[in-house]
Amino acid sequence: MTDSFATRFALPSDAALISRHRRLMFADAGLGTSSDLARMEQSHERWVAQRIQDGAYIGWLIEDRSLERERPAVAASAGMLLLDWPPHPLDPEGSQRAYLLNVFVEPEYRRQRLGHSLIQLALAEAQRRGIRVTALHATEKGRYLYEILGFKTTNEMHFHAPEV
């Protein structure tokens with residue numbers, strides 16, 4: 001990263017931006033209809049603001065401060081959700097797991113290692129908190145980055161119930 005970038009923690013007031021990045025992340029991956037993504041973005045904004053407020057979601061934003069603007073442009077963002085989790089063979093005495101989510105880099109800032117930097121910040125924070133297991137769901141585009149940072153593919157499965 002160059003000196004023109006600065007990283008800061010996400011605030012509840014960043015919820016709209018984080019939610020926009022989440023929508024764009026799923027749209028880039030070809031997941032969801034535009035209607036579903038719009039509904040998700042709206043719901044996520046309220047959800048993430050509350051999770052940041054209560055400390056369950058830790059987010060980071062990388063700002064581009066190279067241009068004269070009223071507010072710096074946010075080039076990338078990522079978050080980590082802290083989950084209560086039972087002891088597991090990968091962490092026999094642990095009671096929390098970290099879930100990495102909302103990793104997004106604006107298109108004009110890609111290939112500058114911003115996503116890599118955000119993931120390293122999240123992993124360092126998990127380690128600082130004594131959390132040994134960090135999970136995520138990777139898109140095809142992001143899989144390589146996660147693998148070079150040490151993430152392994154697991155046997156997780158999903159069941160998706162129909163809407164009621």
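The largest pocket holds about 1500 Å³ of space. On a 1 Å grid over the protein atoms alone, a pocket is an open set of points where a 1.4 Å probe fits, with protein on both sides within 12 Å along at least five of seven lines. Its volume is the space filled by probe spheres set on the points, with grid points joined across faces, edges and corners.

This is a predicted model, in which local features need pLDDT of at least 70 and side-chain atom pairs count only at pLDDT 80 or more, while totals for chains, interfaces and linings use all residues. Residues are numbered from 1 along each chain as its sequence is written, and side-chain values use heavy atoms, with hydrogens and water left out.

Two or more lining residues come from each of α1 (15-28), α2 (34-54), β4 (96-105), α3 (114-128) and α4 (140-148). Helices (H or I, at least four residues) and strands (E, at least two) are DSSP runs, numbered from the N terminus. With seven residues, β4 gives the most to this lining.

Now to the second largest pocket, with a volume of about 770 Å³. It is lined by 23 residues, and Ala135, Leu136, Lys152, Thr153 and Thr154 are the closest to its centre. Both β5 (134-135) and α4 give two or more residues to this lining, and α4 gives the most, with three.

How values were computed:
On a 1 Å grid over the protein atoms alone, a cavity is a set of points where a 1.4 Å probe fits but cannot get out, and a pocket is an open set with protein on both sides within 12 Å along at least five of seven lines; lining residues have an atom within 4 Å of a point.
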